[in-house]
Amino acid sequence: MSFSERPSRARNRRLSNVRQRRQQHLLDVKVRSRRATQHRIRNAMGMLWKMVAVAGLCVGVYLGTREAARRLFFENPDYRVKRIELETDGTLQREEVLKAAELHEGTNIFSVNLARVHDRIQQLPQADEVEVVRKLPREIDIRIVERRPIAWITSETEITDPFASDAAFLVGRRGVLMKQKKILPEYLGLPLILGCTSESLEPGKVVESPEAKTALDLLRLTERSFLQTRFQIREIDISKSYCVVVTDKNHSRVMFGLNDLEEQLRRLQVFLDYCDNTKQELETLNLVAQRNIPVTFTSPAAAVINDTIEPTVEPRIMKAIPVHAPEVRVHQDSGGQQPGAPAPKSRAGSTSFPKATRNRQKKSE
């Protein structure tokens, strides 16, 4: 048995030792890592060349497209602006709008930046909504909805004619100040906001003071409510920092606080209903107070007239006494007349008839 086991052990014995095997393993790892690095480099270079080729293709397409667009569109005389159509519902003039937009006829229609034109026109104080449309091949349409002024505003406390005053500005619903060259007659009846001294007033600026914003909110709320016909605002004094004083068309003066305007208008409606039911006119009302609201009423017109005009003295009515002519008694004693008695009046017929008879008798003789 010992002789038979020896050949098998010789066949199973390894030819290399541990050191040799470890060195061989390290060499195999180095070879595989070098090959993997070379493979990755080849892949990266291939990807880089592909990216360069795609980028070059894109640049070529861009430059070619740009050149084609320049020749076909931007330098094509068929696409020059020939007509600029302007539509507005207010007083803006065509020259003023085109100057603000820096737009003129003859410009290439594709070189016009519509967004920039829109922003430039929107900066005009009168412009509220702006729409700019490009119509190929030669037309640009501009539509403007202008701001409607709702009041005059000034820093002065008293003003007689806002049309002629340089310190008076028109103000829109959003508080934008306007100074229009053309004043329409309808602006004469707009309410007047007085005493805006807390900020400077310039065309195009938006008012920011709490008092001015309260005045504009009051105008908006009264226009939307049923108070428009009963309480028409004529003046709003905002010179005080804690309240605004409103004067309506009937010269009633109402003091409003700067907060909770809807609740104050509701209380004002209660007082107006009371005035209608009692046939009185409101003179002053302080809505700043929450309770025990101070209020005064004007005197009736009849009472004012009676106080200013003295009543006429009632004439004395006297009873008429009939007057009779005195009777004349004539005494015929010896054909005479009673002394002191008036002589009787002679009748024309009694004196003329005998004369006529005597004349006829003479003619007959």
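Trainee: In which handedness does helix 3 pass helix 4?

Mentor: This is a predicted model. In it, helix 3 covers residues 94–101 and helix 4 covers residues 114–122. The crossing of helix 3 past helix 4 is right-handed.

Trainee: Is helix 3 oblique or perpendicular to helix 4?

Mentor: Two packed helices are described by the angle between their axes and the distance between the axes. Here helix 3 and helix 4 have axes 8 Å apart and pack at an angle of about 125°. That angle makes helix 3, relative to helix 4, oblique.

Trainee: How many charged residues are in the contact of helix 3 with helix 4?

Mentor: From helix 3, Val-97, Ala-100 and Ala-101 meet Val-117, Arg-120 and Ile-121 of helix 4. By class, the contact has five nonpolar residues and no polar ones, and the number of charged residues is one.

Trainee: Is Cys-243 buried or exposed?

Mentor: Buried means under 20% relative accessible area. Cys-243 has 0% relative accessibility, so Cys-243 counts as buried.

Trainee: How many disulfides does the whole structure have?

Mentor: A disulfide is a covalent bond between the sulfur atoms of two cysteines. Cys-58, at 48% relative accessibility, is partly exposed, and Cys-243 is buried. The search of the whole structure gives a disulfide count of zero.

Trainee: Which peptide bond is cis, with omega near 5°?

Mentor: Look in the loop between strand 2 (127–135) and strand 3 (139–146), where Pro-137 is found. The cis bond there runs from Leu-136 to Pro-137.

Trainee: Is Lys-279 buried or exposed?

Mentor: Lys-279 lies in the loop between helix 7 and strand 11 (281–286), and its phi is near 60°. Its relative accessibility is 75%, and over 50% counts as exposed. Lys-279 is therefore exposed.

Terms used. Residues are numbered from 1 along each chain as its sequence is written. This is a predicted model: local features need pLDDT of at least 70, side-chain atom pairs count only at pLDDT 80 or more; totals for chains, interfaces and linings use all residues. Side-chain values use heavy atoms; hydrogens and water are left out. A disulfide is a pair of cysteine sulfur atoms within 2.5 Å. Buried means under 20% relative accessible area, exposed over 50%, partly exposed in between (1.4 Å probe, protein chains only). Axes are lines fitted to C-alpha atoms, for helices over the stretch in contact, and angles run from 0 to 180 degrees between N-to-C directions. Helices (H or I, at least four residues) and strands (E, at least two) are DSSP runs, numbered from the N terminus. Angles under 35 degrees count as roughly parallel, over 145 as roughly antiparallel, 65 to 115 as roughly perpendicular and the rest as oblique. A crossing is left-handed if the near helix is turned anticlockwise from the far one by less than a right angle, and right-handed if clockwise. Contact means heavy atoms within 4.5 Å. Ala, Val, Leu, Ile, Met, Phe, Trp, Tyr, Cys and Pro count as nonpolar, Asp, Glu, Lys and Arg as charged, and the others, Gly among them, as polar.
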